[in-house]
Amino acid sequence: MARTQSKCGARTKHGGRCQRLAMVGASRCNLHRGDWATYTIDRERERERKRRKR
């Protein structure tokens, strides 16, 4: 069974999302892997949901 690897999704300088593949076991690619805590990612997702509702 093949597993799919998620995209990085970090914000780029131009405001879009990074399209590179995330590292195995992480939510970011090797260029954007920083000290990303789970609560920071969840907070960003919540902001994104609120923006979409408007």
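Start by selecting Gln19, whose side chain reaches the backbone oxygen of Arg17 at 3.2 Å. That pair is a polar contact, meaning N or O atoms within 3.5 Å, where within protein one must be able to donate a hydrogen and the other to accept it, and residues adjacent in sequence count only if both atoms are side-chain atoms. The model is predicted: local features need pLDDT of at least 70, side-chain atom pairs count only at pLDDT 80 or more, and totals for chains, interfaces and linings use all residues. Residues are numbered from 1 along each chain as its sequence is written, and side-chain values use heavy atoms, with hydrogens and water left out.

Stay on Gln19. This residue lies in the segment before helix 1; helices are DSSP runs of H or I with at least four residues, strands are runs of E with at least two, and both are numbered from the N terminus. Gln19 counts as exposed because its relative accessible area is 55%; the cut-offs are under 20% for buried, over 50% for exposed and partly exposed in between, with a 1.4 Å probe and protein chains only.

Show its surroundings: beyond residues up to four places away in sequence, Ala10 touches Gly16, Arg17, Cys18, Arg28 and His32, a contact being heavy atoms within 4.5 Å. A C-alpha to C-alpha distance drawn from Ala10 to Ser27 reads 8.8 Å, across 17 residues of sequence.

From that group, pick Arg28. It too sits in the segment before helix 1, and it counts as buried because its relative accessibility is 10%. Follow its side chain to the backbone oxygen of Cys8, which it reaches at 3.0 Å.

Move to helix 1, residues 38–53, and select Glu48 within it. Glu48 counts as buried, because its relative accessibility is 17%. Its side chain makes a polar contact of 3.2 Å with the side chain of Arg51. Another polar contact, also 3.2 Å, joins the side chains of Glu48 and Arg17. Apart from neighbours within four places in sequence, Glu48 is in contact with Arg11 and Arg17.

Now display the largest pocket, with a volume of about 270 Å³. On a 1 Å grid over the protein atoms alone, a pocket is an open set of points where a 1.4 Å probe fits, with protein on both sides within 12 Å along at least five of seven lines; lining residues have an atom within 4 Å of a point. Grid points are joined across faces, edges and corners, and the volume is the space filled by probe spheres set on them. Select Gly9, Arg17, Arg28, Ile41 and Arg45, which lie nearest the pocket centre among its 13 lining residues. Colour the lining by class to see two nonpolar, three polar and eight charged residues; Ala, Val, Leu, Ile, Met, Phe, Trp, Tyr, Cys and Pro count as nonpolar, Asp, Glu, Lys and Arg as charged, and the others, Gly among them, as polar.

Finally, zoom out to the whole chain. The secondary structure comes to one helix and zero strands, and 20% of the 54 residues count as buried.
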